[in-house]
Amino acid sequence: MEKAFLLKTIKEKLSEKIRNFEKLIAETRASNNDTKSSMGDKYETGREMLQQEINNLQVQLNEVLRQQDFLKTILIKPSDKAEKGAIVKTERGLFFISVSLGEITFENQKIICISPESPLAKAMNGKQKGEAFSLNNMNQKIVDIF
């Protein structure tokens with residue numbers, strides 16, 4: 001499994017999310033400006049709700065930008081233990097310890113991208129091939145690490 005291509009795929013997905021958030025923010029701002037008419041105070045509540053939506057989208061955008069920055073810290077090197085940047089294969093699936101992006105399909109395989117801060121990544125942190133770990137009373141064994 002080529003980690004460099006996997007990282008490139010994840011970066012592309014994050015870039016797409018960033019573009020979508022920026023587009024949503026711009027559209028919401030435009031609709032907020034449309035309500036700035038001389039209609040009076042009864043539209044203040046609607047404008048405030050739109051502003052809250054813009055703020056919410058901005059928070060989500062900032063999180064994706066933070067994830068994008070975090071990806072730059074991942075070294076493309078083979079791993080022999082579960083750590084940031086490792087692809088860990090367990091009996092239950094493939095996990096890429098990188099950013100919390102959820103499930104992606106890469107090279108016809110389902111890979112779940114998880115944050116190093118996630119409970120699963122913490123449970124397997126430092127473990128090597130053949131070692132077991134437990135999370136929520138479920139035992140898993142590490143089959144391989146890339």
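**Exercise 1.** In which helix is N32 found, and is N32 buried or exposed?

*Solution.* Keep in mind as you work that this is a predicted model. Start with the location: N32 sits in helix α1, which covers residues 3–34. Next, take its relative accessibility, which is 8%. Buried means under 20%, so N32 counts as buried. Now look for its partners: leaving aside neighbours within four places in sequence, N32 is in contact with R47, L50, Q51 and I54. Finally, compare N32 with F5: the two are 27 residues apart in sequence, and their C-alpha atoms are 40 Å apart in space.

**Exercise 2.** Find S79 and decide: is S79 buried or exposed?

*Solution.* First, locate S79 in the loop between α2 (44–71) and β1 (87–90). Then check its relative accessibility: because the value is 9%, S79 counts as buried. Last, list its contacts; not counting residues up to four places away in sequence, S79 touches K3, G85, A86, I145 and F146.

**Exercise 3.** Which residues touch the most other members of the largest nonpolar core?

*Solution.* This core has 22 residues, and L6, I10 and F96 touch the most other members. Step back to the elements: α1, α2, β2 (93–97), β3 (102–106) and β4 (109–114) each supply at least two residues of this core. The largest share, 7 residues, comes from α1. Then zoom in on F96: beyond residues up to four places away in sequence, its contacts include L6, L7, I10, I111 and I112. To finish, look for a second, separate core of 12 residues, with V88, F95, I97 and I142 among them.

Methods:
Residues numbered from 1 in each chain as written. Predicted model: local features only at pLDDT ≥ 70, side-chain atom pairs only at ≥ 80, totals over all residues. Heavy atoms only, no water. Helix = DSSP H or I, 4+ residues; strand = E, 2+ residues; numbered from the N terminus. Buried < 20%, exposed > 50% of the residue type's maximum accessible area, 1.4 Å probe, protein only. Contact = heavy atoms within 4.5 Å. Core = buried A, V, L, I, M, F, W, Y, C linked by side-chain atoms within 4.5 Å.
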